Amino acid sequence: MVGDVSTQSYVEDTGTELTQLVDRTVMLMCTSVMGRIMKGLVSEVAADPELAQVYRERVVRHRLTDVSALVERRIARGELRADLDPEIVTDLLLGIYYRFFLSGSPMDKGFGKRLVTTLLPAFAAQPGSYPE
């Protein structure tokens, strides 16, 4: 449930965790009050270094930690390449913020799956094996 995001782990450890991550983020950004608030904060964060620091510490850091942990689990299970930098993978997966804030391109129900299946060949431990 979108309203409970702050009280539960952002990413569950399931077989479709990367797609779920993207889908949850899209849902949060597109259908919740939080998404509208974040759109309003973007210019303020860019203009106010103190606000930017607080925002990064209280919001961004938690998301990066959760996503990095997800990537590290999948590396440990041998599903993703051992040489991956979890932070770069996180940046790529959370590029949806670019789409949400800047490009304005739509993010429909199948967007998460399309994004993940596009990126997985670059992440997969073995060519042709693309864990969802």
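A nonpolar core is a set of buried Ala, Val, Leu, Ile, Met, Phe, Trp, Tyr and Cys residues joined through side-chain atoms within 4.5 Å. The legends below apply that idea to a predicted model.

**Figure 1. The largest nonpolar core has 28 residues.** Seven of its members have the most contacts inside it: Val22, Val71, Leu80, Leu93, Ile96, Phe111 and Phe123. Helices H1, H2, H3 (49-76), H4, H5 and H6 each supply at least two residues of this core. In soluble globular proteins, nonpolar side chains tend to be buried together.

**Figure 2. The protein has six helices and zero strands.** Read from the N terminus on, its elements run α-α-α-α-α-α. The protein has 132 residues, and buried residues make up 35% of them. Now take the contacts with a separation of 6 or more. Residues 24 or more positions apart account for 62% of these contacts.

**Figure 3. Helix H1 meets helix H2.** H1 covers residues 17-31, and H2 covers residues 33-47. The two helices pack at an angle of about 75°, and their axes are 4 Å apart. That angle makes H1 roughly perpendicular to H2; the range for this label is 65 to 115 degrees. From H1 come Leu28, Met29 and Thr31. From H2 come Val33, Met34, Gly35 and Met38. Sorted by type, the residues of this contact are five nonpolar, two polar and no charged.

Figure 4. Thr19 has its place in helix H1. Thr19 counts as buried because its relative accessibility is 7%, and the cut-off for buried is under 20%. Thr19 and Phe111 are 92 residues apart in sequence, yet their C-alpha atoms are 9.0 Å apart in space. Val26 also lies in helix H1. Val26 has a relative accessible area of 10%, so it is buried. Between Val26 and Met107 there are 81 residues of separation in sequence and 7.0 Å in space, C-alpha to C-alpha. Leave aside the neighbours of Val26 within four places in sequence. Val26 is then in contact with Ile96, Met107 and Phe111.

**Figure 5. Phe111 and its contacts.** Phe111 is one of the residues with the most contacts inside the largest nonpolar core. Which residues is Phe111 in contact with, leaving aside its neighbours within four places in sequence? They are Val22, Val26, Ile96 and Arg99. Val22 and Ile96 are also among the core residues with the most contacts.

**Figure 6. Helix H4 and its buried face.** H4 covers residues 86-93. Pro86, Val89, Thr90 and Leu93 are buried in this helix. Seen down the axis of H4, these buried residues fall within an arc of 100°, so they line one face of the helix. They pack against H1, H3, H5 and H6.

Figure 7. Ile88 has its place in helix H4. Exposed starts over 50% and buried is under 20%, so a value in between counts as partly exposed. Ser68 is 20 residues from Ile88 along the chain. The C-alpha atoms of Ile88 and Ser68 are separated by 9.2 Å.

Figure 8. H5 covers residues 96-103, and its residues Ile96, Tyr97 and Phe100 are buried. Seen down the axis of H5, the buried residues fall within an arc of 110°, so they line one face of the helix. What covers these buried residues? The cover includes H1, H2, H4 and helix H6 (111-123). The face turned away from the buried side carries Tyr98 and Leu102, which are exposed. After H5 comes Gly104, with a positive phi near 75°.

Key:
Residues are numbered from 1 along each chain as its sequence is written. This is a predicted model: local features need pLDDT of at least 70, side-chain atom pairs count only at pLDDT 80 or more; totals for chains, interfaces and linings use all residues. Side-chain values use heavy atoms; hydrogens and water are left out. Buried means under 20% relative accessible area, exposed over 50%, partly exposed in between (1.4 Å probe, protein chains only). The arc is that of the directions from the helix axis to the C-beta atoms. Contact means heavy atoms within 4.5 Å. Axes are lines fitted to C-alpha atoms, for helices over the stretch in contact, and angles run from 0 to 180 degrees between N-to-C directions. Angles under 35 degrees count as roughly parallel, over 145 as roughly antiparallel, 65 to 115 as roughly perpendicular and the rest as oblique. Ala, Val, Leu, Ile, Met, Phe, Trp, Tyr, Cys and Pro count as nonpolar, Asp, Glu, Lys and Arg as charged, and the others, Gly among them, as polar.
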